[in-house]
Amino acid sequence: MRHQHKQECNELLGSISEYVDGSLHEELCRELEHHLSECEDCRVVVNTMKKTIELYQTDAPKDGLPVDVRQRLYKTLHLDDLLHTTH
Amino acid sequence: MMTDETQTEISVEALKAGDRAEFARLVDLASAPIYRLGLKMLGNPQDAEDVLQNTFLKALQSLGNFEGRSSPLTWLYRIAINEALMLIRRQKPQVEIAEEPQDEESNLPTPVQLTDWCCLPESDFLTTESKRALDAAILKLPEKLRVVFLLRDIEGMSIQETSEALGLTETAVKTRLLRARLNLREQLSSYFTERLIEEREK
Ligand SMILES: [Zn+2]
């Protein structure tokens, strides 16, 4: 049965990124959600896309610059004398 | 994400007047995200450090032309992205031949991987190998998609900020973001579907 959906699936593919961000236009959103309720393939694409983004966001290190990199940067910029005044 | 000392806005006037302490403040505000961007764009610490240093050197040189219409951070991002792209081109000139990603929504690649791997145990996502797979997938993205994904989804910039930093329309940013996400989804699906099969064979 899956192949019968394909045309609609392709048409809605352009909307899933905004859907995942919650910024999709209301009308399109309803249309997509209706499609999702009956299309397993698209549900998987939406779920795995959400998971993909989530994995990258949790994996992203939010730590600061390595100390030695910061020191060399200050030196290159001739700001060494200011190095001690900040953290 | 911001620490107390970066709360106060950077003064563009002070920067232009040659206030070194203000420039140092800008360095401390922006260097970590720019270094991270370089790491993800280029995949190694040495190149990331080159991008970081060149970005601030260029910024110092072109401060006079900075009009302050975008925030200093967005301005620095734009310089950093150009530096990173230049470095990529120098290292892999053949990459340039790769076709430009289309900014239209037509001809989007039809999803191929249709296994839902979200149900894998959380620990499977946290292994060193998984993290390596995530990094490798980003590096396989065409660079113009990569940079949009990094700014929007990893650095958490808005569509509008990303479009300003890249000098692209918001529509182009949205389409590139969609293409980047679809591409990464395929790559991660291939990887994690295998993990799923292994899991079931246990
Ligand atoms: Zn569908």
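Predicted model: local features only at pLDDT ≥ 70, side-chain atom pairs only at ≥ 80, totals over all residues.

**Charged pairs within the chains**

I began with B:Glu198, which forms a salt bridge with B:Arg195, the closest N and O atoms lying 2.9 Å apart; the rule I applied asks for a side-chain nitrogen of Lys or Arg within 4 Å of a carboxyl oxygen of Asp or Glu. Residues are numbered from 1 along each chain as its sequence is written, chains are lettered from A and ligands numbered from 1 in the order in which they are written, and side-chain values use heavy atoms, with hydrogens and water left out.

B:Glu198 and B:Arg195 are three residues apart in helix α9 of chain B, so about one helical turn separates them; helices here are DSSP runs (H or I, at least four residues), as are strands (E, at least two), numbered from the N terminus. I noted the general point that an α-helix has 3.6 residues a turn, so residues three or four places apart point the same way. B:Glu198 is partly exposed, with a relative accessible area of 41%, whereas B:Arg195 is buried at 12%; with a 1.4 Å probe and protein chains only, buried means under 20% relative accessible area, exposed over 50%, and partly exposed in between.

I then looked up a pair in chain A, where A:Glu26 and A:Arg30 form a salt bridge with their closest N and O atoms 3.5 Å apart. They are four residues apart in helix α3 (residues 26-38) of chain A, and are therefore separated by about one helical turn. A:Glu26 is exposed, with a relative accessible area of 58%, and A:Arg30 also counts as exposed, at 52%.

Which parts of the chain does the pair of A:Lys6 and A:Asp41 link? The salt bridge between A:Lys6 and A:Asp41 has its closest N and O atoms 3.6 Å apart, and it links distant parts of the chain, with A:Lys6 in helix α1 (residues 6-13) and A:Asp41 in helix α4 (residues 40-59) of chain A, 35 residues apart. A:Lys6 counts as partly exposed at 29% relative accessibility, while A:Asp41 counts as buried at 5%. Over all chains, the rule gives 22 salt bridges.

**Chain A**

I recorded five helices and zero strands for chain A, and buried residues make up 44% of its 87 residues. I also checked A:Leu83, which is found in the segment after α5 (67-76) of chain A and is partly exposed, with a relative accessible area of 22%. Leaving aside its neighbours within four places in sequence, A:Leu83 is in contact (heavy atoms within 4.5 Å) with A:Arg70, A:Gln71 and A:Tyr74. A:Leu83 and A:Gln71 are 12 residues apart in sequence, and their C-alpha atoms are 7.4 Å apart in space.

**Between the chains**

How many residues of chain B are in contact with chain A? I found 51 residues of chain B in contact with 41 residues of chain A. The area buried between chain B and chain A is about 4,100 Å², of which carbon and sulfur atoms give 64%; buried area is the accessible area (1.4 Å probe) that two parts lose on being put together, summed over both. B:Arg20, B:Leu114 and B:Arg181 supply 15% of the area that chain B buries against chain A, more than any other three residues.

Across this interface the rule finds seven salt bridges, and I looked up one between the side chains of A:Glu18 and B:Lys174 (3.6 Å, N to O). α2(B) gives the most to the side of chain B that touches chain A, with 11 residues.

**Helix α2 of chain B**

Just after α2(B), B:Gly43 takes a positive phi of about 85 degrees.
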